[in-house]
Amino acid sequence: MTSFIYYIETVALPGKESEILENGKYKPNPVKEKIICISLVNTENEIPLSFDGDNEALILQQFANATKNADHLVGFCNLQYDWQFIITRCLVNNVKVNNIPNIDLRKILYPYDNYMRGNLRDFAYALDFISE
């Protein structure tokens, strides 16, 4: 079974910088931001891949090509953020991406509250996987 752990980085589109803030807080918006980097690790061979740069369509196409035979994508808070961005930005850039099942570690680690504060590092520390 081929799975990829993935993570994205985004940046505001030109002229939209102030529009991704709501009351001074960052509010993700895939219509007003673009993807500048997608990083992956194949769980079978642990080979990392990273697609980055200014050409979002190319980044998305490289991601689609790399994951076309994947059985799962794994992330942290990826169903609420990363995957929504990828799908929306693929539509904007006319890039076809497969509908790959996503495993969201946040929902596994804390399935009861989508709004609980904390990032992957916080959970790893709480579960004693890493030291401070």
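1. Arg 89 and Glu 56 are both buried, where buried means a relative accessible area under 20%, exposed means over 50% and partly exposed lies in between, with a 1.4 Å probe and protein chains only. The two residues form a salt bridge whose closest N and O atoms are 2.9 Å apart; the term denotes a side-chain nitrogen of Lys or Arg within 4 Å of a carboxyl oxygen of Asp or Glu. This pair links distant parts of the chain, with Arg 89 in helix α2 and Glu 56 in helix α1, 33 residues apart.

2. On provenance, this is a predicted model in which local features need pLDDT of at least 70 and side-chain atom pairs count only at pLDDT 80 or more, while totals for chains, interfaces and linings use all residues. Residues are numbered from 1 along each chain as its sequence is written, and side-chain values use heavy atoms, with hydrogens and water left out.

3. The structure holds three salt bridges in total. Glu 19 takes part in a salt bridge with Lys 16, at 3.9 Å from N to O, and in another with Lys 32, at 3.2 Å from N to O. Lys 32 lies in the loop between β3 (25-26) and β4, and Glu 19 in the loop between β1 and β2 (21-22), so this pair ties together parts that are 13 residues apart in sequence. Through shared partners, Lys 16, Glu 19 and Lys 32 are joined into one network. Each member is partly exposed: Glu 19 has a relative accessible area of 37%, Lys 16 stands at 30% and Lys 32 at 24%.

4. As to overall architecture, the protein chain contains four helices and seven strands. Helices (H or I, at least four residues) and strands (E, at least two) are DSSP runs, numbered from the N terminus. The order of elements from the N terminus is β-β-β-β-β-α-β-α-β-α-α. Of the 132 residues, 35% count as buried. The accessible surface comes to about 8,500 Å², of which 53% belongs to carbon and sulfur atoms; these areas come from the Shrake-Rupley method with a 1.4 Å probe, and for residues only the protein chains shown count as cover.

5. Contacts (heavy atoms within 4.5 Å) can be sorted by sequence separation. Among those with a separation of 6 or more, 61% are between residues 24 or more positions apart.

6. Rings of Phe, Tyr and Trp (its six-membered ring) pair if their centres lie within 6.5 Å; planes under 30 degrees apart count as stacked, over 60 as edge-to-face and the rest as tilted. For Tyr 6 and Phe 63, the ring centres are 6.2 Å apart and the planes stand at 45 degrees, so the pair is tilted. Tyr 6 lies in strand β1 (residues 3-12) and Phe 63 in helix α1 (residues 56-67), so the pair ties together parts 57 residues apart in sequence. Tyr 6 is buried at 4% relative accessible area, and Phe 63 is buried at 0%. Tyr 6 also pairs with Trp 83, edge-to-face, at 6.5 Å centre to centre and 80 degrees between the planes. Here the link runs from strand β1 to helix α2 (residues 82-93), 77 residues apart.

7. Trp 83 is buried at 10% relative accessibility. Leaving aside residues up to four places away in sequence, Trp 83 touches several others, including Leu 73, Asn 78, Val 97 and Ile 100. Trp 83 and Tyr 7 are 76 residues apart in sequence, with a C-alpha to C-alpha distance of 9.4 Å.

8. The largest nonpolar core has 21 residues, and those with the most contacts inside it are Ile 35, Ile 38, Phe 63 and Ile 86. Such a core is a set of buried Ala, Val, Leu, Ile, Met, Phe, Trp, Tyr and Cys residues joined through side-chain atoms within 4.5 Å. The elements giving two or more residues to this core are β1, β4 (33-42), α1 and α2. Ile 86 touches Tyr 6, Ile 8, Ile 35, Ile 38, Leu 60 and Phe 63, not counting residues up to four places away in sequence.

9. Strands β4 and β5 (residues 48-52) run antiparallel and are joined by five bridges; two strands pair if DSSP finds at least two bridges between them. Leu 40 stands opposite Leu 49 in β5. The hairpin of β4 and β5 has five residues between the strands, and Glu 46 takes a positive phi near 55 degrees there.
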